[in-house]
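Q: I would like to learn how to read a protein model, feature by feature. Can we work through one together?

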Amino acid sequence: MASSSWNLTPIVFVLLSLFVSSAFANFYNNIDVTWGDGRARILNNGDLLTLSLDKTSGSGFQSKNEYLFGKIDMQLKLVPGNSAGTVTAYYLSSQGPTHDEIDYEFLGNLSGDPYILHTNVYAQGKGGREQQFYLWFDPTADFHTYSILWNPQRIIFSVDGTPIREYKNPESLGVPYPKNQPMKMYSSLWNADDWATRGGLVKTDWSRAPFTASYRNLNQNACIWSSGKSSCNSNSPSNNAWLNQELDATSQQRLQWVRKNYMIYNYCTDTKRFPQGFPAECSLQ
């Protein structure tokens, strides 16, 4: 009996591997390279994507689909070494002057200094809702999962399953919330040495170019918006549990751990920026 079970193990392992890999989107089928003149590359039969930046140009891509609410997971491995002046952006956005946007921006730094993870939320064209964090690991050494959960009640930013930020719908306070404009997912790697590293004091060292960031395991569990309709209307509620998801007690504790130990900027506590009082939504966050 033991011998028979052992012989089945490789078959079961292969079947499980096929099941797990099928959950992740193929980059060929799900994204369009939008700029970079060959600096964005899809590799490994669509399982890996890299963006590169040199002195001439950066590069970027966007999702083929638009979404109105969803949970988007992406694994990133950031530019290693001296990445000062570079920004790797990964975000959801609609278009136009009153656009909505949900941002991750990874601000490069000198070798040995930590990356700054910059987050922001735009609604009806207005942003200015920045929170910044250090990470509790080296984001250049391996892939890590960066997630955006966006539903009608809240936006949750998570890193490797640990929530780092929750932005609650502030419409009850008269503040707009991203809920009516479908958004695509975007990512880009670009030079921002006029502001990104220590306010622009540290410039990009082009002798280290090309700078490269890597992506894999895109998972888009989201409501696809097409021809004025949402794909979620025809799905059973059990497939879209994230539409009503909120942070449980354990997740709240993890969020507070991040805020206590790794948050380095919060617009809702910036008295110099808001001497007349903080924005209304800060009372909810």
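Q: Is T88 buried or exposed?
A: Start with the cut-offs. Buried means under 20% relative accessible area, exposed means over 50%, and partly exposed lies in between, with a 1.4 Å probe and protein chains only. T88 has a relative accessible area of 0%, so T88 is buried.

Q: What kind of model is this, and how are residues numbered?
A: The model is predicted: local features need pLDDT of at least 70, side-chain atom pairs count only at pLDDT 80 or more, and totals for chains, interfaces and linings use all residues. Residues are numbered from 1 along each chain as its sequence is written, and side-chain values use heavy atoms, with hydrogens and water left out.

Q: Where does T88 sit, and what does T88 touch?
A: Helices (H or I, at least four residues) and strands (E, at least two) are DSSP runs, numbered from the N terminus. T88 is in strand β6, residues 86-93. A contact means heavy atoms within 4.5 Å.
A: The chain has three helices and 16 strands. Buried residues make up 50% of its 285 residues. Among contacts with a separation of 6 or more, 66% join residues 24 or more positions apart.

Q: Which residues have the most contacts inside the largest nonpolar core?
A: In soluble globular proteins, nonpolar side chains tend to be buried together. A nonpolar core is a set of buried Ala, Val, Leu, Ile, Met, Phe, Trp, Tyr and Cys residues joined through side-chain atoms within 4.5 Å. Here the largest core has 60 residues. Those with the most contacts inside it are M74, Y104, Y146, W150, M185 and Y215. A second, separate core of five residues includes V87, L107, I116 and A192.

Q: What is Y146 in contact with?
A: Set aside its neighbours within four places in sequence. The contacts of Y146 then include I72, M74, Y90, Y104, F137, P139 and V159.

Q: How many disulfides are there?
A: A disulfide is a pair of cysteine sulfur atoms within 2.5 Å. A search of the whole structure finds two. Counting bonded cysteines along the chain, the pattern is 1-2, 3-4.

Q: What is the torsion about the S-S bond of C223 and C232?
A: The torsion is about -95 degrees, so this disulfide is left-handed. The sulfur atoms of C223 and C232 are 1.9 Å apart. C223 is buried at 2% relative accessible area, and C232 is buried at 10%.

Q: Which cysteine pairs with C268?
A: C268 forms a disulfide with C282, their sulfur atoms 1.9 Å apart. The pair links distant parts of the chain, 14 residues apart, with C268 and C282 each in the segment after β16. The torsion about their S-S bond is about -80 degrees, so this disulfide is left-handed. C268 is buried, and so is C282.

Q: How many salt bridges does the structure hold?
A: Side chains of opposite charge can pair when their charged atoms come close. A salt bridge is a side-chain nitrogen of Lys or Arg within 4 Å of a carboxyl oxygen of Asp or Glu. The structure holds eight. One of them joins the side chains of D32 and K64, at 2.5 Å from N to O. This pair links distant parts of the chain, 32 residues apart: D32 is in strand β1 (residues 31-35), and K64 is in the loop between β4 (59-63) and β5 (66-77). D32 is partly exposed at 29%, and K64 is partly exposed at 36%.

Q: Which residue does R273 form a salt bridge with?
A: R273 pairs with E130, the closest N and O atoms being 2.7 Å apart. R273 lies in the segment after β16 and E130 in the loop between β8 (116-122) and β9 (131-133), so the pair ties together parts 143 residues apart in sequence. R273 is partly exposed, at 34% relative accessibility. E130 counts as buried, at 17%. Leaving aside neighbours within four places in sequence, R273 is in contact with G128, E130, Y265 and Y267.
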